[in-house]
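Visitor: I would like to go through this structure term by term. For each label, please give the value and the rule behind it.

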Amino acid sequence: MKKALLSLLASFLLIQVSSAQADTTTLTKVGDKAPVFSCTTLDGKTIDISKMQGKIIMINFFATWCGPCNLELPVLQKNIWDKYKDNKNFALVIVGREHTEKEVSDFVKLKKFTMPFAPDPKRAIFSLYATQSIPRNVIIGKDGKIIFQSIGYTPEEFKKIEELLAEKLK
């Protein structure tokens, strides 16, 4: 009985310590006003977050060499972009962290993506939201505040994004 109690106490303390360690790589939190930026996508369109009030905006940060990013992007294309690209209340931008326009362009051509990609060679955009860790998704509500953030890729976590967008864009 004593061993079981001690084991239970140790497990409880371990859970408390792990959950107390906050993610120090994310500079924003849900409820914050989203940091504004402007960028130009590969197709020459300007995306200016400050002029997109009233839209649901999804920002995806990726790198061409990132394994989880390469798993996530085809799902993003199929389950989000193909579904909402014509929705006037939705905007998507995929930001190539530390990539030049040519690197992002070559990647997009190779993978045959049709989504709006923008280079971020000096981390100017990424550094507004985080210090490291990709893939990273940020969803901004119609009021300009962050309503969702995630790091990494799992099908389960991505399903949360799909459900949130389905709810907000109905």
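Visitor: What makes S4 and S5 a pair of strands?

Guide: Strands pair if DSSP finds at least two bridges between them. Strand S4 (residues 90-97) and S5 are joined by four bridges and run parallel, so they meet that rule. Strands here are DSSP runs of E with at least two residues, helices are runs of H or I with at least four, and both are numbered from the N terminus. This is a predicted model, in which local features need pLDDT of at least 70 and side-chain atom pairs count only at pLDDT 80 or more, while totals for chains, interfaces and linings use all residues. Residues are numbered from 1 along each chain as its sequence is written, and side-chain values use heavy atoms, with hydrogens and water left out.

Visitor: Which strands make up the open sheet, and in what order?

Guide: The order is S5-S4-S3-S6-S7, five strands with mixed pairing. S5 and S7 are at the edges because each has a single partner strand, which leaves one side of each without a neighbour in the sheet. Strand S6 (residues 136-140) and strand S7 (residues 146-151) run antiparallel and are joined by five bridges, one of which partners Ile-140 with Ile-146 in S7. Five residues lie between the strands of this hairpin, where Gly-144 has a positive phi near 85°.

Visitor: Why is the unit of S4, helix H3 and S5 called right-handed?

Guide: The rule is to view the strands pointing away and follow the path from the first strand over the helix to the second; clockwise is right-handed. S4, helix H3 (residues 101-111) and S5 form a β-α-β unit of that hand.

Visitor: What makes both faces of S5 count as covered?

Guide: Phe-117 and Pro-119 on one side of strand S5 (residues 117-120), and Ala-118 and Asp-120 on the other, are all buried. Buried means under 20% relative accessible area, exposed means over 50%, and partly exposed is in between (1.4 Å probe, protein chains only). Phe-117 is in contact (heavy atoms within 4.5 Å) with residues including Phe-62, Leu-73, Ile-94 and Phe-107.

Visitor: How do you know that Cys-66 and Cys-69 form a disulfide?

Guide: The cut-off is a pair of cysteine sulfur atoms within 2.5 Å. The sulfur atoms of Cys-66 and Cys-69 are 2.4 Å apart, so the pair qualifies as a disulfide. The structure holds one disulfide. With 75° about the S-S bond, this link is right-handed. Cys-66 counts as buried because its relative accessibility is 4%, and Cys-69 because its value is 0%.

Visitor: Does Lys-112 count as buried or exposed, and what makes its phi stand out?

Guide: Lys-112 counts as exposed because its relative accessibility is 68%. Its phi is near 60°, a positive value in a residue other than glycine. Most residues other than glycine have a negative phi, and most peptide bonds are trans. Lys-112 lies in the loop between H3 and S5.

Visitor: Where is there a cis peptide bond?

Guide: The cis bond joins Ile-134 and Pro-135, with omega about -5°. Pro-135 is in the loop between helix H4 (126-129) and S6.

Key. Lists of a residue's contacts leave out its neighbours within four places in sequence.
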